Amino acid sequence: MSTLTRGAGAGAEREWGGMGERLRGEEVGLTEPGTMAAAAYELLVLGGGSGGLAGARRAAELGARVALVEPRRFGGTCVNVGCVPKKVMWNTAVHAEFIHDHADYGFETPSVKFNWRTIKEKRDAYVRRLNEIYENNVKKAHIDIIRGYGKFTADPEPTIEVNGKKYTAPHILIATGGRPAVPPDSKIPGASLGMTSDGFFDLEELPRRSVIVGAGYIAVEIVGILSTLGSKSSLLIRQDKVLRTFDSMISSNCTQELENTGVDVWKHTQVKTVTKSSCGLLDVTVTSSVPGRKPTEGVIRDVDCLLWAVGIRWPPARVPRGHRLSRPSWGTCRGGCRFPWQGVQVDAKGHVVVDEYQNTTRRGVYAVGDVCGRALLTPVAIAAGRKLAHRLFEGKRESRLDYHNIPTVVFSHPPIGTVGLTEDEAVAAHGRENVKIYSTSFTPLYHAVTQRKVKCVMKLVCVGKEEKVVGLHMQGLGCDEILQGFAVAIKMGATKADLDNTVAIHPTSAEELVTLR
Amino acid sequence: MAALQRRRLLGVSGLSRTVRALSGMGCPLGSGLAEAAPPPKAPGEDLPSPSHDPHGKNEYDLLVIGGGSGGLACAKEAAQFGRQVAVLDYVEPSPQGTKWGLGGTCVNVGCIPKKLMHQAALLGSALKDAQHYGWNIAQPVHHTWSVMAQAVQNYVKSLNWGHRVQLQDKKVKYFNMKGSFSDPHTVRGLTKGGKETIVTAENIVIATGGRPKYPMHIAGALEYGITSDDLFWLKESPGKTLVVGASYVSLECAGFLTGIGLDTTVMMRSIPLRGFDQQMASLVTEHMESYGTKFLKRCFPTKVEKLESNRLQVTWKNTDLGTEETDSFDTVLWAVGRAPDTETLNLETVGVKTNSETGKIIVDASEATSVPHIYAVGDITEGRPELTPTAIAAGKLLAQRLFGQSSELMDYDNVPTTVFTPLEYGCVGLSEEAAVQCYGSDNIEVYHAYYKPLEFTVAERDATQCYVKMVCLRERAQRILGLHFIGPNAGEVIQGFALGIKCGATYPQLMKTVGIHPTCAEEITKLHITKRSGLDATVTGC
C-alpha cells in the first residue's frame with residue numbers, strides 16, 4: 001500500500017510546484033520533531049482527533065511531510081470523551097437490561113450487583129490503549145508530533161506558533177474539535193457547579209441522583225446510561241420533547257421511551273439557580289413554564305451529578321483543546337468576525353467557515369470535523385480529512401465529502417438510527433402531495449418471551465412517483481446495526497420498489513424495512 | 001403494551017413471515033400439513049364453505065395444500081383479490097410423536113423457536129461479558145431448560161392462533177386435513193379421525209414443505225434419535241447432546257445448546273455449511289470450537305444403542321484414523337438434511353413431475369408444475385432456497401399473477417440469509433468460490449477485514465473470527481458480487497447491504513457512504529485491504 005500511494009504522491013508534488021521536490025531532498029537528516037525550519041512541512045495539522053489524524057495520516061501516505069500539533073492524548077473527543085467510552089458505557093447499561101430478561105430466558109441470576117469502578121477502570125485502560133495505538137500510527141506514518149497548543153501568529157504567511165516556536169506550511173488544517181459548554185454563572189447562578197459530558201467520564205462512582213440538562217443526543221445518551229445503571233435521573237428539557245431536530249416520530253418515541261424506563265423528564269423546564277448544600281450535594285432550582293399555565297418553580301435536591309448537555313462550543317468562546325485560531329483578543333469579535341491577519345472567518349457560533357472542499361476563507365488554511373459545526377460525527381471528520389488529503393496531495397481536485405445522507409445512530413435505550421430527510425423536511429422540500437410515508441411499530445422477537453417489552457418503530461420517507469427513499473428513521477433493538485446497509489442503498493437512490501424486491505432475512509428486525517406495506 | 005403485542009400478533013407484519021426454519025438460509029418451510037390437536041374453538045372453523053356451484057364448477061378459485069410460510073402467504077394474498085380460497089394443513093406427528101399447530105416449519109420447528117433459543121444462548125454469553133462490565137453475578141449461573149422451552153412454546157402457540165385468526169379475517173377457509181390429489185382439480189382431505197372431505201379448486205398450490213431426514217440405515221437412529229422437529233418441544237433439557245450433521249440446522253442447534261450450558265458435540269462427515277463460502281464456514285466452526293462446542297470431524301455414526309442407564313451409546317467411525325469410537329449421550333439429534341413432504345400427495349395420479357433424486361417438485365420461473373393449473377412454492381420446490389422469506393415472496397407474487405393481472409416473477413438472485421450460530425454469519429450474493437468459478441480469480445477483487453467489535457474489547461472476548469469479506473468484480477466499476485459478514489447481529493447488519501447489492505452497488509458506492517461509529521456494520525464501509533495485496537487485514541483503530 002505505502003509504495004503505491006507514495007507513487008501517487010509524487011504526482012501531487014509536481015502539481016504543487018517545486019516545494020515537494022525540494023522537501024524530498026531535505027528529508028534525510030531532518031527528522032527530529034521540533035527542529036524543523038519554518039516552511040519545511042507540507043501540511044500542518046492542528047488537533048490529533050478523528051479528523052486531524054485521518055487527514056495527517058492520509059497525507060503522509062500520499063507522500064507529504066506532515067506535522068501534527070496536539071498537546072494532549074491522541075484520539076480527540078471520539079476516543080477520549082465521546083463515541084468510544086460512551087459506547088462502552090452504553091454496552092454496560094445494555095447488560096442491565098439483559099439482566100431483567102435472563103429469568104424469562106431460563107437463567108437464574110439470584111444476586112446481581114453493579115460496580116461502577118470496575119467498568120471505569122476497564123474503560124480508561126481501553127482508552128489509554130487506543131491513545132497509544134493512535135500515537136504509534138502517527139509515528140509509523142513518519143508524521144512529526146509537535147506537543148503543545150498551537151496558535152496562529154500575525155505573520156503574513158499562515159504560521160502556527162507552538163510553545164514559542166513558529167511553524168509554517170503551505171497547507172494548514174484546523175481540526176481542533178469542540179468542547180461542551182456550561183452556561184455562564186452570570187446567566188444561571190451556580191451553573192459552574194455542574195459538569196459536562198467530559199466530566200461524566202471522570203465520575204468515579206455511579207451518581208445516586210443525576211440531573212441532566214439538555215434535549216440533544218448527548219443528553220439522551222447520558223441520561224439513558226445513568227438511569228439504566230440505577231441512578232435516579234431527571235432530564236430537564238426546554239420544550240416538551242427531546243431530539244427536536246430529528247423526525248417527529250423519533251422525537252416523540254424517544255421521549256416516551258425515556259419516561260417508560262424511569263427517567264423523570266421535566267418538560268418546558270430551565271435551571272434557575274444551582275446551590276451547594278453543606279453536605280456537598282447540589283440543589284437545582286428549576287422553573288417550569290408549560291405554555292398557557294403559570295410558571296412553577298421546583299427544587300431537585302441532593303444532586304450529586306448535574307450535567308450540562310446544552311451544546312458544544314467552538315472558538316472563539318472557548319478554544320477547543322487549547323489551540324488558538326488567533327490572538328487572544330478575539331474574544332470580543334463575535335458574529336461573523338474576520339481575522340485581519342489570517343483571514344480565517346468564524347461564524348456567529350464560533351464555527352470555522354468552510355466551503356464544500358473544507359477551504360476556510362484563507363488560502364492554504366482548511367478545517368475539518370466538529371470545529372466546522374456541521375455533522376459532528378467522527379466518520380464525517382475522518383472522511384473529510386482523507387478527502388482533503390487526496391485533494392491536496394494527490395491532485396484529485398474534486399475530492400470532497402458529500403454531506404448528504406450521512407447516517408447517524410443515537411445510543412439511546414433502545415438505539416435510534418436515522419439517515420436523510422425527516423418527514424417535515426421532505427414535505428417542506430417536495431410538498432405534502434409528493435411525500436409518501438411508510439411506517440411500522442412492532443415488538444421485536446427478542447421480547448416475545450420477556451416481561452419487559454420495548455417496541456421498535458420505523459419510518460420510511462419517500463418522494464415522487466418513483467417513491468425514492470429520502471429518509472429512514474427508526475428506534476428499536478438492533479437499529480444501530482441495521483442502519484448502515486440501508487444508508488448505502490439510500491445514498492444510491494433506492495426506491496420503495498427496490499426495498500420491496502429485496503428478500504427479507506428472517507427473523508430479524510431489519511426485515512421489517514423490506515416488507516413495509 | 002398489550003395493545004401493541006396484540007397488533008403484532010394480528011398484524012401482517014411479523015406473523016406472515018414466521019415460517020422459516022432454522023436459520024437464514026434454509027428455512028425449511030412449512031411442514032405443510034398441520035394442526036395436530038385442533039383447539040376447541042378455533043377461529044375460522046365457523047366460516048361457511050362457499051356454496052357448491054350449481055353448474056358443477058369448482059368450489060374454490062384457489063386451494064393451497066400446506067399452511068406454512070409460502071402457502072399462507074399465497075392464500076392470504078389471493079383472498080385480498082376477493083377470491084374463494086381454502087387452505088389444507090395437517091401436521092403428521094414426528095417419529096417421536098411431536099406435533100404442532102398452523103404455520104409450518106418456521107413458526108413451529110424452525111426460525112422462530114430457533115432464534116429465541118439462540119437469544120437465550122446469547123444471554124448466556126452476556127452473563128459472562130457482564131462481569132467485565134462491572135456486574136457481579138453469583139456463579140455458576142444455572143439455566144433451566146423447561147422455563148425457556150415453556151416460554152418459547154407458549155409464544156409459538158400464540159403464533160399458531162394468530163395464523164388462524166388471520167385466515168379468518170381474510171375469509172380463507174381452513175381445513176385441518178391431510179390432502180391428496182384424486183384428480184387434477186380435486187383434493188381429498190382426511191382429518192385425524194379419518195373423516196373425508198372432497199375439495200375442488202380451479203388452481204391448486206402445493207406448499208407442503210419438508211421434514212428432517214433420518215439416516216434409516218443406522219441401527220437405532222429412528223428409534224432413539226430426535227430431529228429439529230422435536231428439539232424445541234422437549235419439556236426437559238436434552239442434556240449431553242450429539243448433533244449429527246454439518247448443515248446450518250446442525251450448527252445452529254449445537255450453538256444454542258452449548259450457549260445454555262449443555263455438553264454438546266457436533267459430528268460431521270464432510271465439510272460444514274455446504275453451499276456457503278467455505279472460508280466463512282470454517283470461521284463459524286472455529287468460533288464454535290472456542291465457544292465450547294466439541295467437534296468430531298470426518299466421523300460418521302454406525303449405530304445407536306440404549307444403555308441400561310437410559311443413555312444412548314453411539315458408535316462411529318473415524319475416517320481419518322480408520323478407528324471405531326464410542327461415547328454415550330442423553331440425546332442424539334439428527335440434522336442430516338431435509339426431505340420434501342410429497343409422499344401422501346398422490347402426485348403421480350395427476351402427473352405433477354418431481355425430481356427423481358430429491359423428490360422435490362419441478363417448477364418453472366412462474367412456480368408452475370408440469371400440470372398447468374397446479375403450482376408449488378417453498379421448500380417443496382426443486383432448486384429454490386429453503387427460506388421463509390423466499391417462500392412468502394414467491395407465494396404472494398404467484399397469487400398476484402393468478403388473480404391480480406400481474407406478470408412479476410420471483411427473483412431468486414441475491415437472496416440474503418443469516419446463520420444464527422453463536423457468532424452469526426450473514427451473507428448475500430456469491431461465495432468467493434462461486435465468484436471465482438463464474439468470473440475467474442483474475443477478474444474478481446476480494447476486500448476483507450478482521451475487526452474487533454467494541455463490545456468484545458472490554459469483555460475481553462476473542463474476536464479472531466470476526467471477519468468481513470466483500471467479493472467484487474475487478475473491472476473499473478467493481479460491482480459487488482457477494483458480501484459475507486461474521487459477527488454480532490449479522491442478520492440485522494446484512495439486510496440493508498442486501499438492498500444495496502440488489503440495487504447494483506459497486507465498491508466505490510459503498511465507500512462513499514459515511515460509516516456509523518462505533519458499530520460493527522461500519523466495518524463494511526471501511527473495507528480497503530484486498531486479498532490480492534497479501535497485506536494484514538486486521539483493523540486497527542477507528
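User: How many residue pairs are in polar contact between chain B and chain A, and what makes a pair count as one?

Analyst: There are 23 such residue pairs between chain B and chain A, both residues being at pLDDT 80 or more. A pair counts because an N or O atom of one residue lies within 3.5 Å of an N or O atom of the other, and within protein one atom must be able to donate a hydrogen and the other to accept it, while residues adjacent in sequence count only if both atoms are side-chain atoms. Helix H4 (residues 111-132) of chain B gives the largest share of the side that touches chain A, namely 14 residues, where helices (H or I, at least four residues) and strands (E, at least two) are DSSP runs numbered from the N terminus. By class, that side of chain B has 45 nonpolar, 36 polar and 15 charged residues; Ala, Val, Leu, Ile, Met, Phe, Trp, Tyr, Cys and Pro count as nonpolar, Asp, Glu, Lys and Arg as charged, and the others, Gly among them, as polar.

User: What should I know about the model before going on?

Analyst: This is a predicted model, in which local features need pLDDT of at least 70 and side-chain atom pairs count only at pLDDT 80 or more, while totals for chains, interfaces and linings use all residues, and side-chain values use heavy atoms, with hydrogens and water left out. Residues are numbered from 1 along each chain as its sequence is written, and chains are lettered from A and ligands numbered from 1 in the order in which they are written.

User: Why is the meeting of Lys122(A) and Glu460(B) called a salt bridge?

Analyst: The term asks for a side-chain nitrogen of Lys or Arg within 4 Å of a carboxyl oxygen of Asp or Glu. Across the interface of chain B and chain A the rule finds 2 salt bridges.

User: How is the size of that interface expressed?

Analyst: The size of an interface is often given as the accessible area lost when the parts come together. Between chain B and chain A the buried area is about 7,700 Å², of which carbon and sulfur atoms give 67%; the term covers the accessible area (1.4 Å probe) that two parts lose on being put together, summed over both. In contact there, with heavy atoms within 4.5 Å, are 96 residues of chain B and 85 residues of chain A.

User: Into which domains is chain B divided, and how do you know where they end?

Analyst: Chain B has domain 1 (221-336) and domain 2 (423-526), with bounds that come from an automatic or database domain assignment. Their C-alpha centres lie 30 Å apart, and 11 residues of domain 1 of chain B are in contact with 13 residues of domain 2 of chain B. About 1,100 Å² is buried between these two domains, and carbon and sulfur atoms give 61% of that area. On the side of domain 1 of chain B, Asp277(B), Met280(B) and His287(B) lose the most area to domain 2, together 47% of what that side buries.

User: What makes Lys469(B) and Asp277(B) a salt bridge?

Analyst: Their side chains meet at 2.9 Å, N to O, and because this lies within the cut-off already given, the pair qualifies. Across the interface of domain 1 and domain 2 of chain B the rule finds 1 salt bridge and 6 residue pairs in polar contact, both at pLDDT 80 or more.
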